[in-house]
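Please look through the sequence and the model displayed below before reading on. The report is meant to be read side by side with them.

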Amino acid sequence: MYEKSRALHFANRRFIPGGVVSVNRAVEPQIAFVKGLGSRIWDVDGNEYIDYHAAFAPHLLGHNDPDVTRAVQQALSEGLSLFGSGTTRWEGELAELFAEHVPGVEQVQFTTSGSEATYHAIRLARAYTGRDGIIVMQGGYNGWHNDVATNLMTPLDVLGPRVSPGEYPKIPISAGIPARVLEDVHVVNFNDLDSVRYVLENHSIAAVLLEPILQNIGVVKPRPGYLEGLRHLCDEFGAVLIFDEVKTGFRYALGGYQSICNVIPDLCTFGKAMANGYPIAAIGGKAHLMVYFVHPDPQKRVLIAGTYNAHPIPTVAAVATIRKLRDRREEIYGKLERLGALMEEGLADITRRLGITATVARQGSAFCLYFMDHPPRDWHDLAAHHDFDFDLAYRSRLIANGIYHFPQATKQGSISFAHSEADVEQTLAVTEKVLQELVQQDGMVTAR
Ligand SMILES: Cc1ncc(COP(=O)(O)O)c(C=O)c1O
């Protein structure tokens, strides 16, 4: 089934360490994909899949959305290139779309990746406050750079018990991070205001940085009042509140999750869905902060630079994506919600009928089937109760049956505008078969 995929991986290992260019892509089965169109992807062996991975979530409109592709093809045919000097009308248009629709964005800058965006947001917060400390969430992911590459899916025997109020030991997810960098990083529970207050009282904190929904461990939602509480704490202690909307941005609303929860951060970062799969990201916020990128005092000015910042082709893709989301707003977000609800109800029904302990957590078109009896409230809750082995076996079986959910436990499923009700129904039929096989043939039971 995967002969050509395996051969390609084997060959690529010769010159690429590990054979993949992002450690997150090193999963089993090793599949080399060649084509994506709408809700479907195909691999080099000719296998077809309904895709819910969406390349870690950018493909909100579906693979190769015709309107985005047309805009890119037209720009290329007209000779649009990277100029690296001055400005372009496309970045101006993109900035205006952000300012018009995202409540917390008065001004915006563009980078190539979400990691660069969170990097700049932290640096800006430090310049503005004159402090170095940052607070991040256990189980959250904000990119690969030194400040944030800690404490993602830390095993509980390494991390220790839940701490509240207080902070966790810092567990870097990469070698090569200087210990002195980690001194300024403070990791707390998600959904735990007491711990944030504790760190704010005991350290000099520039920023609280978080995904407003923890989506790198599925869909872990903020409890009522949590984001409002963070807003108040940041105001009380003069810290900058940064929402990392790289994953939540545009997926649920044109204005980001901030427009749904009505909590307005000082700074926010975007990426992924903003260009439906093209590499561009954004850092936006209030003008009195963003002005630090051009501060008249060179001692206070924050460097923003990058050969590929707002590369015109991804910029055109982003403008086309956001315009489409704006022009067909109700139709697109309405459909995404409908399909999300259909998926949620179907999964809940199947697991209930099969007697499998499970909970579907969902926000709009993002969902995660947890094999535990309640939606997780933080990493400890998830790590202690979710059946990771069953989850992985379930995902592997789905892939073998033409449904591509990323084969790593707790990874979010993403529905796109290109998915149809028939896609969801086919997915549910395969899911039922797969879960039945796991329970009956393999005798797997959810452990908790
Ligand atoms: C919430 C969040 N922030 C930041 C990033 C980093 O973005 P990138 O991979 O584009 O550097 C990611 C990537 O998964 C993310 O999910």
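What follows describes the surroundings of the ligand, then a sheet, and finally some details of the backbone.

**The ligand and its surroundings**

The model is predicted, and the ligand in it is surrounded by 13 residues, of which Gly114, Ser115, Asn216, Asp244 and Lys272 are the closest. The shell that these residues form consists of 3 nonpolar, 6 polar and 4 charged residues.

| Residue | Atom of the residue | Atom of the ligand | Distance |
|---|---|---|---|
| Gly114 | backbone N or O | oxygen | 2.8 Å |
| Asn216 | polar side-chain atom | oxygen | 3.1 Å |
| Asp244 | polar side-chain atom | nitrogen | 2.6 Å |

Of the 390 Å² of accessible area that the ligand has on its own, the protein covers 83%.

**The sheet**

**Details of the backbone**

Most residues other than glycine have a negative phi, and most peptide bonds are trans. Against this background, Asn191 has a positive phi of about 65° although it is not a glycine, and Asn276 likewise has a positive phi, of about 50°. Asn191 lies in the loop between E6 and H7, while Asn276 belongs to the loop between strand E9 (267–270) and strand E10 (281–285). Are these residues buried or exposed? Asn191 has a relative accessible area of 11%, which means that it is buried, since the cut-off is under 20%, and Asn276, at 3% relative accessibility, also counts as buried.

The peptide bond between Glu28 and Pro29 is cis, with omega at about -5°, and Pro29 is found in the loop between helix H1 (3–12) and strand E1 (33–37). A cis peptide bond also joins Ser164 and Pro165, where omega is about -5°, and Pro165 is located in the loop between helix H5 (156–159) and helix H6 (179–182).

Methods: Residues numbered from 1 in each chain as written. Predicted model: local features only at pLDDT ≥ 70, side-chain atom pairs only at ≥ 80, totals over all residues. Heavy atoms only, no water. Near = heavy atom within 4 Å. Polar contact = N/O pair within 3.5 Å; in protein donor to acceptor, adjacent residues only side chain to side chain. Areas by Shrake-Rupley, 256 points an atom, 1.4 Å probe, with all protein chains shown as cover. Nonpolar A, V, L, I, M, F, W, Y, C, P; charged D, E, K, R; others polar. Helix = DSSP H or I, 4+ residues; strand = E, 2+ residues; numbered from the N terminus. Buried < 20%, exposed > 50% of the residue type's maximum accessible area, 1.4 Å probe, protein only.
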